[in-house]
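Welcome! Please take a look at it first, and then read on.

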Amino acid sequence: MVETALRRPPLAGLVPPPGDAVVLAPVPPAARFILRVRPAAQTAAGEAFGGPLPTIACRAATEGARAALWLGPDEWLLISPDAPDFTALAGVPHSLVDVGHRQAGITVSGPRAAAALNTGCPLDLDEAAFPVGMCTRTVVAKTQIVLWRTAPETFHVEAWRSFLPYVCGYLAEASREFSG
Amino acid sequence: MLLIACPYCGERPEIEFAYGGEAHIARPADPSAMSDEEWAAFLYARTNPKGTHAERWRHTNGCGRFFNAVRDTVTDFFVATYKTGEPRPDLTPRSVV
């Protein structure tokens with residue numbers, strides 16, 4: 001018997017929270033990479049990826065639909081709608097791991113999006129403390145996520161696929177409080 | 001909520017961090033030349049002070065990096081945090097007025 005691997009989009013089968021105070025939506029499928037590279041080769045790595053690598057802590061840089069998210073002093077999450085050509089990095093010491101099958105993303109948007117996230121995330125999500133363009137690994141309830149503010153009322157949440165039903169279900173349940 | 005100042009990310013909630021034991025313990029250069037007692041002391045004996053303690057922490061749910069912190073084991077107050085590889089900061093006790 002042939003078993004077929006099915007790609008289930010995030011939020012599949014989830015009852016969405018009522019109202020529009022908090023809206024959960026899947027992000028389109030994309031290629032994702034974790035890149036670790038020393039400072040000397042960061043410019044070359046950015047050119048190979050097709051977008052600059054942010055060097056300021058906890059900031060994301062976008063170039064068209066490509067995004068590079070600072071995760072650590074030498075570590076970035078790269079999100080791209082197509083597969084970048086990294087052959088220019090041959091010979092440059094680096095670590096490049098394709099995590100496209102490991103994790104997926106959703107957007108949490110709406111006027112109460114920050115409040116919904118704050119039910120499980122201890123960070124200060126006020127715009128003064130967490131401005132647009134800021135991104136970081138953090139937690140939602142018991143799960144590690146990557147949180148990225150793409151607009152004042154829109155957050156991009158990346159989580160591992162096996163944790164996504166938990167994250168989405170948690171946020172949907174928390175959002176019911178704000179549906180009034 | 002206890003905030004810990006990660007040297008890379010800034011002040012973040014304690015729940016994002018993991019404790020990593022006492023800091024500044026160098027692995028002996030030649031373990032085979034040591035006696036069992038010396039090796040056991042390296043592995044297990046720690047200072048366990050009452051007061052300021054230099055210890056390793058890891059920002060597990062953040063940048064993922066190890067760093068060192070000086071914490072008061074009596075009050076749980078974080079006196080200072082600094083990057084791995086940097087020397088322990090000089091924390092001369094403030095004079096009591």
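In chain B, strand S5 (residues 66-72) runs antiparallel to S6(B), and 5 bridges join the two. Strands here are DSSP runs of E with at least two residues, helices are runs of H or I with at least four, and both are numbered from the N terminus. Two strands pair if DSSP finds at least two bridges between them.

This is a predicted model, in which local features need pLDDT of at least 70 and side-chain atom pairs count only at pLDDT 80 or more, while totals for chains, interfaces and linings use all residues. Residues are numbered from 1 along each chain as its sequence is written, and chains are lettered from A and ligands numbered from 1 in the order in which they are written.

**The sheet of chain B**

- S5(B) and S6(B) belong to an open sheet of 4 strands with antiparallel pairing, in the order S3-S4-S5-S6.
- Strand S3 (18-22) and strand S6 (78-83) of chain B each have a single partner strand, so one side of each is left without a neighbour in the sheet.
- From one strand to the next, the twist averages 30°.

- Strand S2 (residues 31-37) and strand S5 (residues 75-80) of chain A pair in the antiparallel sense over 6 bridges, with A:Ala31 opposite A:Ser80.

**Where the two chains meet**

- The contact takes 12 residues from chain A and 11 residues from chain B; residues are in contact if their C-beta atoms, placed from the backbone, lie within 7 Å.
- On the side of chain A that touches chain B, S4 and strand S8 (135-140) of chain A are the elements that give two or more residues.
- S8(A) gives the most to that side, with 4 residues.

**Two domains in chain A**

- The domain assignment gives domain 1 (23-28 + 101-178) and domain 2 (31-98); such bounds come from an automatic or database assignment.
- Taken over C-alpha atoms, the centres of domain 1 and domain 2 of chain A are separated by 22 Å.
- In chain A, 9 residues of domain 1 are in contact with 9 residues of domain 2.
- S8 and strand S9 (143-151) of chain A each give two or more residues to the domain 1 side of this contact, and S8(A) gives the most, with 3 residues.

- The largest nonpolar core has 51 residues, and A:Leu69, A:Trp76, A:Val108 and A:Cys135 have the most contacts inside it. Such a core is a set of buried Ala, Val, Leu, Ile, Met, Phe, Trp, Tyr and Cys residues joined through C-beta atoms within 7 Å, where buried means that 20 or more other C-beta atoms lie within 10 Å of a residue's own, with C-beta atoms placed from the backbone.
- Both domains of chain A give residues to this core, so it lies between them.

Technical notes. Axes are lines fitted to C-alpha atoms, for helices over the stretch in contact, and angles run from 0 to 180 degrees between N-to-C directions. Two residues are in contact if their C-beta atoms, placed from the backbone, lie within 7 Å. A residue is buried if 20 or more other C-beta atoms lie within 10 Å of its own, exposed if 12 or fewer, and partly exposed in between; C-beta atoms are placed from the backbone.
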